Amino acid sequence: MTSVEERTSVESRNNDGGLSFVQATWLVAERELKAFLQMKGFWIGLATIVIGLFAASILPNVLGGGDTKIAVAGSDVAQTLEAGPFDIERTTDPAVAEELVRSETVAAAVVPDTTGQSATGVQVVALESPPSDLMASLGSPPPVDLLEPGEVSEGEKQLVIMVFALVFMLFAMSGTAIAQSTVTEKQTRVVEILVSTLPVKSLLAGKIVGHTMLTVGQVAVLAIAAPIALQAGGNEALLEVILPALGWYVPFLVLAFLLLASMWAVAGSLVSRQEDLGSTMGLVMMLVFGPYMAVIFLAGNATAMAVLSYVPFSAAIAMPVRLFTGEAQVWEPFVSLGLMAVMVVLITAVATRLYSGSLLQTGGKIKLSRAWSAASD
Amino acid sequence: MLKVNGVSRSFGDHRVLDSVSFDVKPGRMTGFLGANGAGKTTMMRIILGVLKADAGSVSWNGQPVTQALRQRFGYMPEERGLYPKMKVADQIQWLGRLHGMSAANAAASTERLLEELDLSTRANDKLEALSLGNQQRAQIAASLVHDPELLILDEPFSGLDPIAVDTVLRVLRQRAADGAPVLFSSHQLSVVEQLCDDLVIISEGQIRASGERDEIKERYGTPRYELVVGSDAGWLRDVPGIKVTSVDGPRAVFESASADGFRAGGEALDQRILQEAMRRGEVRAFTPVVPSLNEIFKEAI
C-alpha cells in the first residue's frame, strides 16, 4: 500500500509544470535577502548609520552645552540672567542685538518689550526658535519674535544636503552586493545549475527584488529614525521643514537604487572572478559619485540644481533638496519621478540582455558588444 | 528516454559538436566517453539548456526539452561549486525548492540525502568550511535533492577520494535501479568500464560509437586469444595467418593477421591452432581475451 501511495505522490509532483516566473524570482530574492540578514556586517553597517544620525542631531547640543550665547539690550534683565548658563553680550540698542541674532553670532536676544504683553517687560528675539534654557530662566514666558520663522538656515541647509547626498551614496553603493553575488555565482559555477533550472530573467529579477527590498527596509528604518533623532536633539523646527522632503526622499532613493541595480548585475556578469570586478564596476561607480559631487558642488546654484533635479541619477538627491529649500513646485517631484521610472525600464531592458549574454561566458572581461550579440544565441 | 538528435554547435569557426545523436535509456548508466575537448561538456550543457544548439534537438520521452521539463533533471557541472558562504543543508534545500519542491519536501529530502552521503554532521556548516571531498558530496546531494527523472553528471568521479567514489557509486546505482537514466561523462576509462551499462564515445565532436557496452566491445575490440601450454609456445610465431602480440615462455597472446578475424574465408583458424597446440602437448588454457575499453577507445576514435 505504502509503495502505491509513494508512487502517486511522486507522479503528482512530477506532473506540475515547474515553478512560475514569480515563484522562481521570489526564491532567488529570498536567498539574497537571507544571505544578507545573516551577515554581521550588514547589521553593523545599519547600526552605524542610525547611531551616526543620532550623534549628528544630539551631540552639538551636548558638546556646545557650555553657555548659550545671547545678546541683552537693557541692563536689569542681564543681571538676573548672569546667574544662569549664559554668555552675555551687552548692548544698548535693540537693533544691534537683533543684528547679532541675524548673523548667528548669538542664539537669541533679550530686548525691551514692544508688544506690551510681557509680564517681565522684555521680549525674546530669535531666528527660528528661542533657546529653551533661556525661556526657562526668564520665568513667565515672554513674547517671542522670530526673525525667520520656518525658514531654513544656511547651516541647516548644508547639513541636509550633506546627509541626503551621503545616504544616497551609501545606498547606491550597496548595489555592489548585486555585482558580487553575480560574480560569486559565475566563479563557483553554481550559475550552471541555476541557469539549467531557472529562466535567466528570473535570476536577474530575483537579485534586483531582493536587494531592493533590503534597501527599502534600511531606508524605512532611517526615515523613521531621522525624525526621532531630530526630536531627541531638540531640533523640532528643523524637523518640521525636513519632514515633507524626507517623505519625498524615500521614493527617490528607491528608484535611484532600481536604476543602478541592473547595471551592478551586468558589472558582475561581465567578469569571471571577484578580482576583476573593479574593472567593470567603474562606470556604475561614476554614476554614483557623479551625482553626489555635482549636488555638493552646485548646491548654491539654483539653475544647476533645477537641471540636476530632473537628470535621473542626480534627481534622487537634487529634487528632495530643492523640496527642502522650498525651490521646487508641487508638481515637480512627480515629473522627475516619472522620468526616473522610464529610465529604470529602459536601463533594465538593456541590462537584462547584456546579463543573459555574458552570464555563461568565462575567461577574462567580456566586451559589451559580445555580451549583446551573444544574448541572441 | 532522452534522445539527442543531430545536435551541432560551433564556437566561432570551431565546430565543437557535429550532428551528434544518441540515446540515454531509463534504468541504465550511460558512460559518455571522450578525450578532453571532445565536446562532452558542451553536449551536456546543451541538454540542460545552459547552451543553445545551432542545429538538432533534444527530446525527453518524445517531448522537446523545455525549461519546465528541465526542472525535473538533475545536473552536476564539471567545475563544481555551490554558494561558499551558505550552510550546506540550507543550500541543498533551497536548490530543491528551485526545482519545484515544497519547503517541507525539500527539507525532508535534504536530510535523507545528507544521511545517505554521510554528511549529516556537517549540515549546518558553511560550504567553504568543508573539505574538498565533502564539498563534492554536497554537490552530489544538490543534484539529487529533487529526486530527478534524469541525471546528468559531468566527470562525477574526478577528484573524489576512494571512499567517496564508493558512496557516490552506490547512490547513483540506486537511482538508475529506480528507473532514472543516468548519463555521466568521464575520461577515466577504467572507471567507466566498471560502471556503465551503455556507452557513447565521442571524438572531435562526432559520435564514434554508441550502444551497449559489451556489444561495442565486441564490435570494436580486436578478437584475441590467450594460449597457455605445457612447454614453450614460441612455435606460434611460425603459424601463418596470425599475429602474435606477446610470448612469455608457455604463455602467448595472438590475434588474426586478417582484418576479418579468425573466421576469414570460412576457415576456423582459432580452432585449427587449438588442435595444433593439443597435438604438440598439454594445453592448460585457451581463452578469448576481452578487450579493454582503452583499446576500444583507441580503435573507435
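How many residues of chain B are in contact with chain A? Select both chains: 28 residues of chain B are in contact with 21 residues of chain A, where contact puts the C-beta atoms, placed from the backbone, within 7 Å.

The model is predicted, so local features need pLDDT of at least 70 and side-chain atom pairs pLDDT 80 or more, while totals for chains, interfaces and linings use all residues. Residues are numbered from 1 along each chain as its sequence is written, and chains are lettered from A in the order in which they are written.

**Chain B, the side that touches chain A**

Select α2 (67-70) and α3 (88-98) of chain B; each supplies at least two residues of this side. Helices here are DSSP runs (H or I, at least four residues), numbered from the N terminus. The largest share, four residues, comes from α3(B). By class, this side of chain B has 13 nonpolar, six polar and nine charged residues. Ala, Val, Leu, Ile, Met, Phe, Trp, Tyr, Cys and Pro count as nonpolar, Asp, Glu, Lys and Arg as charged, and the others as polar.

**The cores**

Next, select A:Phe168, A:Ala256, A:Leu260, A:Val295, B:Ala141 and B:Ile152, which touch the most other members of the largest nonpolar core, a set of 153 residues.

**Domains of chain A**

Finally, colour domain 1 (7-38 + 153-374) and domain 2 (66-146), whose bounds come from an automatic or database assignment. Their centres, over C-alpha atoms, are 49 Å apart.

Key. Contact = placed C-beta atoms within 7 Å. Core = buried A, V, L, I, M, F, W, Y, C linked by C-beta atoms within 7 Å. Buried ≥ 20, exposed ≤ 12 C-beta atoms within 10 Å, placed from the backbone.
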